[in-house]
Amino acid sequence: MTRVTFQEKYYPAVKETLYQAILKNGLTVSLLPKNDFNEVYGVATVQVGSVDTGFTAKDGKKKSYPNGIAHFLEHKLFERENSEDIMAAFTELGAESNAFTSFTNTSYLFSTSDRVIECLNLLEELVTSFHITEESVEREKDIIQQEREMYWDDPDSCLFFKTLANLYPKTPLASDIVGTEKSIEAIRLEDLRDNFDEFYTPINSHIFLVGNFELELIQDYFSNRNTGNPIDETPREKVALHPVKKVENIRMDVASPKLAIGVRTNTEMGDMDCYRYGVLLKALFTMMFGWTSKRFQNLYETGKLDSSLSLEVEINRRFNFLMLTMDTKEPVGISHQFRKAIQNFVTDPDVSEEHLDLIKSEIYGEFIHNMNSLEFIATQYQSHTDESTLFDLPKIIQEITLEDVLEVGHHFIDNSEIVEYTIFPL
């Protein structure tokens, strides 16, 4: 056995030590012991998501697959030989398991209070074994079609993905993560096999363990797997920037109009730290539109907005957007006011040193609260690059200034496109 050397990194703000190593085959392993908890969460994350429908394969050939293929593969990898189910195997160990697909990643998760090694074996099996059959693919299509219909029957989900489609038309982001009715039907067994072979490689994967486990035992476990050679990683393609569809509306069975304002930057990220960038951008928009802003307070007191207002920020090297969604009885007027505020963010009265200090305290308080949740830590921690991670947030918050926030605002907004989408009652 070749003993793996785990590098230690101490985060004083949260008084936690992270242990990290890269195995010979390229797999990144991160361990965060937290012995004041009774559970352990393990997550295997593969860098493939809904946007990865077109790519140049390792053999140099251009390949294209139906939308929703990453999510379809996530469903089917729980299948073992002889129609057995890995999820049932987790249950037999007294563990819970789940999986989810995002725009850029697919993650497989377990939680347990015992038998961690056996759960790690099952997690490894999930992301390294392919036992999918033609018959099971056809059966799964009906299940995923029902899931897709459920999402589109939900007005909030519909609002988000319709707005995103108008920000990124003619791209995989114009489709729901699960795909479309036609694309789901078009997925074939050989498509799933190709995607598994291309993306489910150690160098393209990361395993994170957090909770009450014996550190040396887990380090030995991965030392026993410290073999092999890394397979080249498949290059990722940036999402194309086609002209946006600026305004659209539909009618659904809703009690009050729902409004989304989406902003897409056309500026390259360059060598910026994406995680830090996202924190600063979120701070700027929270100052302008969050519950502590004068704008929100005035609109709330007059009944034009309610507590449904939410902000989502997505920053990475392939696409970047943010979205404000809300229920409002005056979507036209609110949209005009918000769009004007975004374009004039530098002179916005809510963007000030004092307000930033308040927002920083709010973000830090939420972070400390969330650190009491192993599930939050497990699902939010990602470390595929040398950029900042979840545990760097306190340091980022402490150091950022209003000048930093405005700089990111200029970078994101000055070369941006804004769209609005409204769902009106029937």
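Two strands pair if DSSP finds at least two bridges between them, and strands (E, at least two residues) and helices (H or I, at least four) are DSSP runs numbered from the N terminus. The model is predicted, so that local features need pLDDT of at least 70 and side-chain atom pairs count only at pLDDT 80 or more, while totals for chains, interfaces and linings use all residues. Residues are numbered from 1 along each chain as its sequence is written, and side-chain values use heavy atoms, with hydrogens and water left out.

**Exercise 1.** Determine which strands pair with β3, and in which sense.

*Solution.* Begin with β2 (residues 16-22), which pairs with β3 in the antiparallel sense over four bridges; here Ala-21 stands opposite Val-29 of β3. The two strands form a hairpin with five residues between them, and Gly-26 in the turn has a positive phi of about 105 degrees. Next take β9 (residues 205-211), which runs parallel to β3 and is joined to it by six bridges, with Leu-209 as the bridge partner of Leu-31.

**Exercise 2.** Decide whether the faces of β3 are covered or exposed.

*Solution.* In a regular strand the side chains alternate between the two faces of the sheet. On one side of β3 lie Thr-28, Ser-30 and Leu-32, on the other Val-29, Leu-31 and Pro-33, and all are buried (under 20% relative accessible area with a 1.4 Å probe, protein chains only; exposed is over 50%, partly exposed in between).

**Exercise 3.** Give the strand order of the open five-stranded sheet and identify its edges.

*Solution.* The order is β10-β14-β11-β13-β12, with mixed pairing. The edge strands, each pairing on one side only, are β10 (247-252) and β12 (310-315). Six bridges join β10 in parallel to β14 (residues 416-425), where Thr-422 stands opposite Asn-249.
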